[in-house]
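This report describes selected features of one protein chain. The sequence and the coordinates are shown first, and the description follows.

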Amino acid sequence: MAATEPRNYPFTEADRLTVDPAFAGLRRDEPLCRVRFPYGEAAWLVTRYEDVRTVLGDPRFSRAEAVHRDEPRLRPHRGLEGSILDLDPPDHTRLRRIVAKAFTARHIELLRPRTEQIAAELADGMAARGAPADLVADFALPLPVTVICELLGVPLADRADFRTWSDALLSTTKYTPQEIQDCTDALMAYMAGLIAERRTAPHEDLLGALVDARDNGERLSERELQVLAVSLLVAGHETTASQIPNFVYTLLTHPEQLAALRADPGLVPGAVEELMRYVPLGNGAGMPRYALDDVELSGGTVRTGEAVVVCPVSANRDEAVYTDPDRLDVLRQEASHVGFGHGPHHCLGAQLARMELQVALSTLLDRLPGLRLAGPEESVLWKSGVALRGPERMPVTWDRARDA
């Protein structure tokens, strides 16, 4: 492929939950596009559905190779050293297998009743205090935080601290590099303290199981134990805490789709999948992979050693896969989305996120009838300077709540 001058990525600043229209043009005319991120070396950007799945699932593309390279990225820091996200099989498989049983569909279903209880208590608390309420602070954030704290074994009372630390880990411009490093060090030290407690007095929780795997099975190093626990804590609440208000905002701005769910709550599981396809959580770009061999994709060949960044947001709007892809349709029955990724690094917590999102929407529809924005759309304050999109504050109101 002839060399081209890389385009600066992202092409435009993220605006609420809009998808950059440039992606449609790239899918049509330049599905393999040369780009340069704010940090790191140039890369190929992949925008078509089938190409995204190939890069994510084909062993000829490596995540581990990124550790040795100046990988393309949106933020100055490289993330947690030793993360499971930076590994290829078999090392990735070794770590994933240790925690995978806690996130199986069967185990997650066992958590549903407790999640429903937490969600109901939060919604009833909103109703008792009266409108308006902040959907983010009063519901969307405490729901997944409580669930992951109970699953992992992290004291809920410490959530203010680890929220700040995890926010810094996901920062693009909100925090300085030194602030990010300080927060990373604090979070790692905090987790090391919880691990030490498990060794003194074992607990029946996921963190206790990880400590047991480290001390008795010798299947992971001390560093891997700490980073894996931190990653589960951060990823276990940040994404869902963003997607709950994202989904609600999207439904409120698509009243005909919201009306369909209110008329038939049984549509919620399918609606969650469609919202995962439709709603962009990040800026569009995933973590880069490096080609271990020459690989043919739409639009040309990726050469050995070149970086490739996939765009799941674009793949989920691919006209070759979805009918009228820019339309939200809670009745859609088409190809599975790549909102949770694909291949070996498919989101470990996908089943947990699905369940939490289903519970969140069902609870809000049931217990806060007539839920709507408490003011114009401009009253919603959106996040800035972080990797995940979503409201930072979302004032809502509702009709008289159903009796508990």
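## Contacts of leucine 348

Two residues are in contact when heavy atoms lie within 4.5 Å. The model discussed here is predicted. By the contact criterion, leucine 348 touches Arg96, Val99, Ala100, Phe103 and Leu232, leaving aside residues up to four places away in sequence. Leucine 348 is placed in the loop between helix 13 (312-315) and helix 14 (350-367).

## Two buried aspartates in loops

The loop between helix 13 and helix 14 also holds aspartate 329. This residue has a relative accessible area of 15% and is therefore buried, since the limit is under 20%. Apart from neighbours within four places in sequence, aspartate 329 is in contact with Gln257 and Glu274.

Aspartate 86 belongs to another stretch, the loop between strand 4 (61-62) and helix 3 (91-100). Aspartate 86 likewise counts as buried, because its relative accessibility is 12%. When residues up to four places away in sequence are not counted, aspartate 86 touches Arg63, Ala64, Val67, Leu80 and Met287.

## Nonpolar cores

The largest nonpolar core comprises 95 residues, and Phe139 and Met394 have the most contacts inside it. Helix 10 (residues 222-252) contributes the largest share of this core, with 14 residues.

Not counting residues up to four places away in sequence, phenylalanine 139 touches Ala119, Leu122, Ala123, Met126, Asp134, Ile244, Ala360, Thr363 and Leu364.

## Helix 6 and its end

How many of the eleven residues of helix 6 are buried? Ten are, so that helix 6 (residues 142-152) is mostly covered. The buried residues are Pro142, Leu143, Pro144, Val145, Thr146, Val147, Ile148, Cys149, Leu151 and Leu152. Glycine 153 follows helix 6 and has a positive phi, near 100 degrees.

## Cysteines

The count of disulfides is zero. Cysteine 183 is accordingly in no disulfide.

Both residues lie below the burial limit. Cysteine 149 is buried, with a relative accessible area of 3%, and cysteine 183 counts as buried at 12% relative accessibility.

## Packing of helix 8 against helix 9

Two packed helices are described by the angle between their axes and the distance between the axes. For helix 8 (residues 177-200) and helix 9 (residues 206-217), the angle is about 75 degrees and the axes are 10 Å apart. The two helices are therefore roughly perpendicular to each other, because angles from 65 to 115 degrees fall in that class.

On the helix 8 side, the contact is made by Met191, Leu194, Ile195, Arg198 and Arg199. They meet Leu207, Gly208, Val211, Arg214 and Asp215 in helix 9. By residue class, the contact of helix 8 with helix 9 divides into five nonpolar, one polar and four charged residues.

Methods:
Residues are numbered from 1 along each chain as its sequence is written. This is a predicted model: local features need pLDDT of at least 70, side-chain atom pairs count only at pLDDT 80 or more; totals for chains, interfaces and linings use all residues. Side-chain values use heavy atoms; hydrogens and water are left out. Helices (H or I, at least four residues) and strands (E, at least two) are DSSP runs, numbered from the N terminus. Buried means under 20% relative accessible area, exposed over 50%, partly exposed in between (1.4 Å probe, protein chains only). A nonpolar core is a set of buried Ala, Val, Leu, Ile, Met, Phe, Trp, Tyr and Cys residues joined through side-chain atoms within 4.5 Å. Axes are lines fitted to C-alpha atoms, for helices over the stretch in contact, and angles run from 0 to 180 degrees between N-to-C directions. Angles under 35 degrees count as roughly parallel, over 145 as roughly antiparallel, 65 to 115 as roughly perpendicular and the rest as oblique. Ala, Val, Leu, Ile, Met, Phe, Trp, Tyr, Cys and Pro count as nonpolar, Asp, Glu, Lys and Arg as charged, and the others, Gly among them, as polar. A disulfide is a pair of cysteine sulfur atoms within 2.5 Å.
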